[in-house]
Structures are given as structure tokens and as C-alpha cells.
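Work through the exercises below with the sequence and the structure open. Try each task before reading its solution.

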Amino acid sequence: MTIENRKPAKALKGTTAARTTVRRSSSKSAAAKSGEHVYDTLIIGAGFAGLGTAIKLREAGVHSVAILERAAEVGGTWRDNQYLGAACDIPSNLYSFSFAPNPNWSRSYSGSKEILGYVHSLVDDFGLEKLIQYQQNVTRVELDDAQGVWMIHTDNGQVWKGKTVIMASGPLANASFPKIRGIENFKGKKIHSAQWDHDYDFSGKRVAVIGTGASAIQIIPELVKKVDKLKVFQRTTCLGHASARFLDL
Ligand SMILES: Cc1cc2nc3c(=O)[nH]c(=O)nc-3n(C[C@H](O)[C@H](O)[C@H](O)COP(=O)(O)OP(=O)(O)OC[C@H]3O[C@@H](n4cnc5c(N)ncnc54)[C@H](O)[C@@H]3O)c2cc1C
């Protein structure tokens with residue numbers, strides 16, 4: 001069986017967005033790349049899910065584990081989402097592992113950088129660094145039926161082998177612009193919330209925010225302080241709530 005990650009035609013620059021296809025493959029082609037160490041478990045992704053899984057696997061006595069991460073840093077969502085006002089929208093005491101509580105959250109709805117710091121502290125406190133293989137962008141996951149081993153292919157040509165594989169590659173890890181007619185011809189600056197341009201100067205600009213979901217309600221109050229004019233476009237009225245973080249809780 002093969003699972004492939006393919007770059008869609010209009011993926012954002014720098015992302016490797018996944019469109020997954022599954023097909024059976026002959027064990028012959030897989031066997032041609034075999035011959036290296038077989039891990040008990042390979043985990044794809046070093047966000048909350050991947051790191052938490054590694055911690056619990058080791059507690060359960062599974063020590064032959066590697067985490068394959070396409071980026072050069074752990075953190076997933078919290079590494080990528082650094083937009084103005086980025087934060088969690090459930091209280092940080094709940095948005096952290098029960099087995100690794102953090103009594104030092106600076107506020108109830110902590111900012112993205114603080115959460116990223118928490119993720120790094122998990123790596124340090126649980127000694128995970130040695131498990132993580134960075135810049136391993138998984139492009140294909142293939143089961144060698146004959147050996148009963150998963151072959152994990154990365155875009156640098158490496159092949160990792162594991163008896164089990166855990167997909168912790170994130171539900172939101174592949175940012176893309178929405179399909180809006182004419183978007184490719186838009187002459188102004190286009191920024192996706194998950195790929196913020198920290199060097200862009202918003203002062204004096206006319207800015208449109210598309211969407212009124214959880215990220216937009218964090219971005220808008222910060223952006224409005226910087227820009228000349230701000231327009232917000234929403235397709236559907238959201239069930240937004242007055243976020244407690246705006247009350248400085
Ligand atoms: C702005 C924002 C705020 C959020 N706030 C909350 C909140 O308050 N509460 C809540 O419950 N949830 C929230 N979420 C959802 C959040 O995504 C999850 O809570 C959680 O962080 C997801 O963790 P994950 O490990 O599953 O995925 P991710 O954090 O996305 O990590 C996936 C990792 O896999 C790597 N990866 C992906 N594809 C590959 C590949 N092909 N090869 C190798 N590595 C790969 C990525 O680089 C990434 O590091 C929020 C999301 C966003 C974007």
C-alpha cells in the first residue's frame with residue numbers, strides 16, 4: 001500500500017501541501033530500498049500530536065522511535081502561526097498536556113510564541129531531541145507486504161523503515177489561499193495567517209481581511225491599530241464569541 005503526499009498546483013510558497021492518494025504497491029519495488037534500521041514506530045510530524053505520542057510510547061516501553069519532521073524546528077501549528085495576535089482560544093491550562101502542566105502561563109489565552117516555548121520545553125524535559133529527524137519531508141508511505149514494514153520516503157531521497165507508522169502531520173499544517181476568482185492576479189500584498197510576513201509595514205495601508213473565524217478575531221483587533229483602513233469580509237456569520245482574552249483574563 002502506498003500513501004503519497006503531492007504538492008497541489010497552487011500550494012503556498014514554502015509549503016508542501018498534502019493531497020493523499022492510496023494505492024497498493026508490489027513488495028518488490030519497496031524491497032529494493034531496504035537494508036537499514038527498522039524502527040518499532042515512526043512518527044510523522046513534531047507538533048503536539050507527534051511529540052505527545054512519542055512521550056507516551058516511551059512510557060509504554062517502546063524506545064525504538066523516530067519522529068520525522070519536515071521543518072527545521074518542532075512546534076507545528078505554533079511554529080507556523082505567528083500572525084498578529086496569534087493565541088490559543090481555549091485556556092492554556094487546558095491547552096497543554098495533563099502530564100506536563102505549566103503553572104507559569106502568563107495569561108489564560110497564551111500567545112503563540114509562549115505556546116511554542118511550551119512545546120520546546122516538552123522536547124527538553126522529556127529528552128525528545130535525539131528522536132527527531134529534521135528536514136525530512138515525507139512524500140510517500142509504502143507498506144512492504146512481504147517484510148511487514150512501512151517504508152517512509154522523504155523528498156531528499158531517504159527511506160525510513162518502521163513496523164508501525166503514526167501520522168501526526170496535522171490537520172491544518174498545509175496552508176493555502178482559498179479559491180477566489182482572480183486571486184492570482186491581485187496586485188497588492190497577499191498574506192496568509194499561517195505564513196505571516198513580519199517585515200511587512202501595514203502603516204497607512206488599506207487592508208482587507210477575508211474570514212471571521214478564530215484567527216481573524218485575533219488578527220483584526222491588532223491590525224486595526226496599524227492600518228489606515230480595514231475591511232472585513234465574511235461569507236457566513238460566525239458563531240463568534242467575545243473572546244475572554246480581550247478582557248485581559
Ligand atoms: C491559530 C490556531 C489556533 C489554534 N488554537 C487552538 C486551541 O485554542 N485549541 C485547540 O484545541 N486547537 C487549536 N488549534 C488547532 C491546532 O492545530 C491543534 O490544537 C494542534 O496544535 C495540532 O497539533 P498536531 O501535532 O496535530 O499538528 P501540527 O501542529 O500541525 O503539527 C504537524 C507537524 O507535522 C509536520 N508535517 C506535516 N506534513 C509533514 C510531512 N509530509 N512530512 C514531515 N512532517 C510533516 C508539520 O511541519 C508540523 O510540524 C489552533 C490552530 C491554529 C492554526
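The model is a predicted one, in which local features need pLDDT of at least 70 and side-chain atom pairs count only at pLDDT 80 or more, while totals for chains, interfaces and linings use all residues. Residue numbers start from 1 along each chain as its sequence is written.

**Exercise 1. The whole chain**

Task: State how many helices and strands the protein chain has, and what share of its residues is buried.

Solution. Step one is to list the DSSP runs, where helices (H or I) have at least four residues and strands (E) at least two, numbered from the N terminus. The protein chain has five helices and ten strands. Step two is to count C-beta atoms, placed from the backbone: a residue with 20 or more others within 10 Å of its own is buried, one with 12 or fewer is exposed, and one in between is partly exposed. Of the 249 residues, 27% count as buried. Step three is to look at contacts, meaning pairs whose C-beta atoms, placed from the backbone, lie within 7 Å. Among contacts with a separation of 6 or more, residues 24 or more positions apart account for 61%.

**Exercise 2. The ligand shell**

Task: Describe the residues around the ligand and explain where the ligand shell lies relative to the domains.

Solution. Begin with the residues that count as near, those whose C-beta atom, placed from the backbone, lies within 6 Å of the molecule. There are 31 residues around the ligand, and Gly45, Gly47, Gly76, Cys88 and Gly170 come nearest. Helix H2 (residues 48-59) gives the largest share, three residues. Finally, bring in the domains, whose bounds come from an automatic or database domain assignment. Domain 1 (2-18 + 174-248) and domain 2 (27-167) both contribute residues, so the shell lies between them.

**Exercise 3. Two helices**

Task: Find which residues of H4 and of H2 are buried, and what they pack against.

Solution. The expected span of a helix is 1.5 Å times one less than its number of residues. H4 has 14 residues and reaches 20 Å from its first C-alpha to its last, close to the 20 Å expected. Its buried residues are Ser112, Ile115, Leu116, Tyr118, Val119, Leu122 and Val123. These cover an arc of only 155° around the axis, so they are on the same side of H4; the arc is that of the directions from the helix axis to the C-beta atoms. Exposed Asp124 and Asp125 are on the face turned away from that buried side. The buried residues of H4 pack against H2 and helix H3 (77-80).

H2 has twelve residues and spans 17 Å from first to last C-alpha, close to the expected 16 Å. Phe48, Gly50, Leu51, Ala54 and Ile55 are buried in H2, and the buried residues of this helix pack against strand S3 (38-44), S4 and H4. Each helix is followed by a glycine with positive phi: Gly61 after H2, near 95°, and Gly127 after H4, near 60°.

**Exercise 4. Leu68, Ala71 and Gln135**

Task: Decide whether Leu68, Ala71 and Gln135 are buried, partly exposed or exposed.

Solution. Leu68 is in strand S4 (residues 65-68). It is buried, because 26 other C-beta atoms lie within 10 Å. Beyond residues up to four places away in sequence, Leu68 touches several residues, including Leu42, Ile44, Val138 and Trp160.

Ala71 sits in the loop between S4 and H3. It has 18 C-beta neighbours inside 10 Å and so counts as partly exposed. Leaving out residues up to four places away, Ala71 touches Arg79 and Tyr134.

Gln135 belongs to the loop between strand S5 (132-133) and strand S6 (138-144). With 12 C-beta neighbours inside 10 Å, Gln135 counts as exposed. Its phi is positive, near 55°, although Gln135 is not a glycine. Most residues other than glycine have a negative phi.
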